[in-house]
Amino acid sequence: MKKSVWLPALIAPVVVAGAVAAPALANAAATPVAGADPTAAAVIASIAGSSDAQYSAKLSQTSDLGLPELPTGSGGSSLEGDASDALGLLTASHTARVYVDGAAKQRVQVTEQLAEQDLVRNGDTVWTWDSEERTATKVTLPSRTAQAPGPGTTTPTDLAERAIDAITPTTAVSKPVATSVAGHDAWLLTLTPKSSDTLVGAVQIAVDQQTGLPLRASVTAAGKTDPAFQVGFTSLEYGAPAARLFDFTPPTGADVTTKDLSDVDPGARGHGAADDGGATVTGSGWDTVVTLPAGTTVQADLGSDASGLLDQLTTAVDGGRAVQTSLVSVYLTDDGRVLAGAVPVATLVAAAT
């Protein structure tokens, strides 16, 4: 596990994936939806018009996944290094500065405890930087890539688009309700699973009435009222950020890695592609279960400290060990497979047999 990965951001999209799809949106116009009584389809379609937005913002992410508290003192149960950092990322609140100048220029800055992690995209070039580790990575994207690699944090746009791309008849979509986020008028949509087996109670997305920019997204566990995961803007100013923010040069002495993906065909990857790690998907919608085969999971890469953390987070169940958060369950089988989904552990155990 790397500290530059904002782990809660990996969980929420998994929860939202399989949530909701709306074939009726195909012909909706991507226009602002200010004014009274818009349809849910119009609000969702307006998001497409925000891809060229220019703004500077502060982003806040909170997570309350119901993970057990672990000791951090001395002794055999203490947590050190990346394992401790990973737990902190999962259980604590985080803030980030976000600068966006259209689809090809973005910068995300996460600052915590005198350390900074950055992702900077300028056209086909993406830099990541970890000031504490003094490591930088330069990635050259395929020329036709429309999206940057995961920036280490999830913006409301990321979360909303994953939800909307997956809308199916398994989900009820509410009528938009007027709200305000970071001083901007917005429409609030609530996506509610029709399944009684999922851990997810609802997904809410707030969309700027004038620009279509998603301003906040949250996921609430079934039977709860407060979000288990929420990411949203706390301040937002429209307008082009300073051009210098999208230029990055590694500091002297930094450990720099380069990855050239310019020859990769972005359209070549599809369902069942070779780079999917051999994952298989069962179920549908909110009840989807993803299975990774033995030998392809992070278990093989865990050091002794992270393995100890895994033992403390999980409990023994038939055929392996498992953990159930308020939104996601993960089941580690004795034969090395990993199953995950927004469903109870019992569902994963049944799917593994």
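**Reading the aromatic pairs, cores and sheet**

Analyst: W127 and F248 are both buried. Keep in mind that this is a predicted model.

User: How are the rings of W127 and F248 arranged as an aromatic pair?

Analyst: The pair is tilted, at 5.3 Å centre to centre with 50° between the planes. W127 lies in strand β5 and F248 in the loop between β12 and β13, so the pair ties together parts 121 residues apart in sequence.

User: How many aromatic pairs does a search of the whole structure find?

Analyst: The search finds four. In one of them, Y55 and Y238 have ring centres 6.4 Å apart and planes at 80°; planes over 60 degrees apart count as edge-to-face, so this pair does. Y55 sits in strand β1 and Y238 in strand β12, 183 residues apart. Y55 is buried, with a relative accessible area of 5%, whereas Y238 is partly exposed at 30%. Together with F233 they form one aromatic cluster.

User: What should I look for in a core?

Analyst: In soluble globular proteins, nonpolar side chains tend to be buried together. Here the largest nonpolar core has 42 residues, and Y55, V200 and F233 are among those with the most contacts inside it. Apart from this core lies another of nine residues, including V289, A322, V345 and L348.

User: And the sheet?

Analyst: Strands of a sheet pair through backbone hydrogen bonds, either parallel or antiparallel. In this model six strands form an open, antiparallel sheet in the order β14-β15-β19-β18-β17-β16. Its edge strands are β14 and β16. Within the sheet, β18 and β19 pair over four bridges, and V330 stands opposite A340 in β19. Helix α6 lies across β15 to β19, running at about 40° to β18.

Conventions:
Residues numbered from 1 in each chain as written. Predicted model: local features only at pLDDT ≥ 70, side-chain atom pairs only at ≥ 80, totals over all residues. Heavy atoms only, no water. Pairing = 2+ DSSP bridges. Helix = DSSP H or I, 4+ residues; strand = E, 2+ residues; numbered from the N terminus. Contact = heavy atoms within 4.5 Å. Axes fitted to C-alpha atoms, helices over the stretch in contact; angles between N-to-C directions. Core = buried A, V, L, I, M, F, W, Y, C linked by side-chain atoms within 4.5 Å. Buried < 20%, exposed > 50% of the residue type's maximum accessible area, 1.4 Å probe, protein only. Phe/Tyr/Trp six-rings, centres within 6.5 Å; stacked < 30°, edge-to-face > 60°.
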